[in-house]
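Dear colleague,

I am handing over the structure below, and my notes on its aromatic residues and on one pair of helices follow it.

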Amino acid sequence: HRDAGSPWSDERFLSWAAKIGPETELAIARVLDSRKIVEQAFVPCRNILGLSKRYAPQLLEAACAQVNALCAVASYTGAAAAEGPAQIVDRAAHAGRLRGADAYRRKGGGDAD
């Protein structure tokens, strides 16, 4: 990214996070440290910090405080779970893309059960 003239750097993300608050800065530092190649953390950092444009920065700071209290690494999808426990949603089942056992039953009799 640096060689390609990218405007993104870990310093830029940390500076952006520090403007929001110390909890956000710590959370972003953890995201950056969680990747073997720091540039792989740039998109997650941008997504997390972008929440401060859509929502009040104080909400992002509070969510980061919760993540930091758990000693966890923040994520864009995990940030939405600050309001309550995360629910796992099986989107494929609701989209009608799953087949039942009937779809795999042999045609023409001769069940091998």
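Trp8 is partly exposed at 23% relative accessibility, whereas Phe13 is buried with a relative accessible area of 0% (buried is under 20%, exposed over 50%, partly exposed in between, with a 1.4 Å probe and protein chains only). This is a predicted model, in which local features need pLDDT of at least 70 and side-chain atom pairs count only at pLDDT 80 or more, while totals for chains, interfaces and linings use all residues. Residues are numbered from 1 along each chain as its sequence is written, and side-chain values use heavy atoms, leaving out hydrogens and water.

The rings of Trp8 and Phe13 are stacked, at 5.1 Å centre to centre with 10° between the planes (rings of Phe, Tyr and Trp, the last by its six-membered ring, pair if their centres lie within 6.5 Å, and planes under 30 degrees apart count as stacked, over 60 as edge-to-face and the rest as tilted). Phe13 also stacks with Trp16, their centres being 6.5 Å apart and their planes at 20°. Trp8, Phe13, Trp16 and Phe42 form one aromatic cluster. The charged end of Arg12 sits over the Trp8 ring, 4.5 Å from its centre (CZ of Arg or NZ of Lys within 6 Å of the ring centre and within 35 degrees of the ring normal).

Turning to the helices (DSSP runs of H or I, at least four residues, numbered from the N terminus), Phe13 and Trp16 both lie in helix 1 (residues 10-20), 3 residues apart, which is about one turn.

Best regards

Notes
Helix = DSSP H or I, 4+ residues; strand = E, 2+ residues; numbered from the N terminus.
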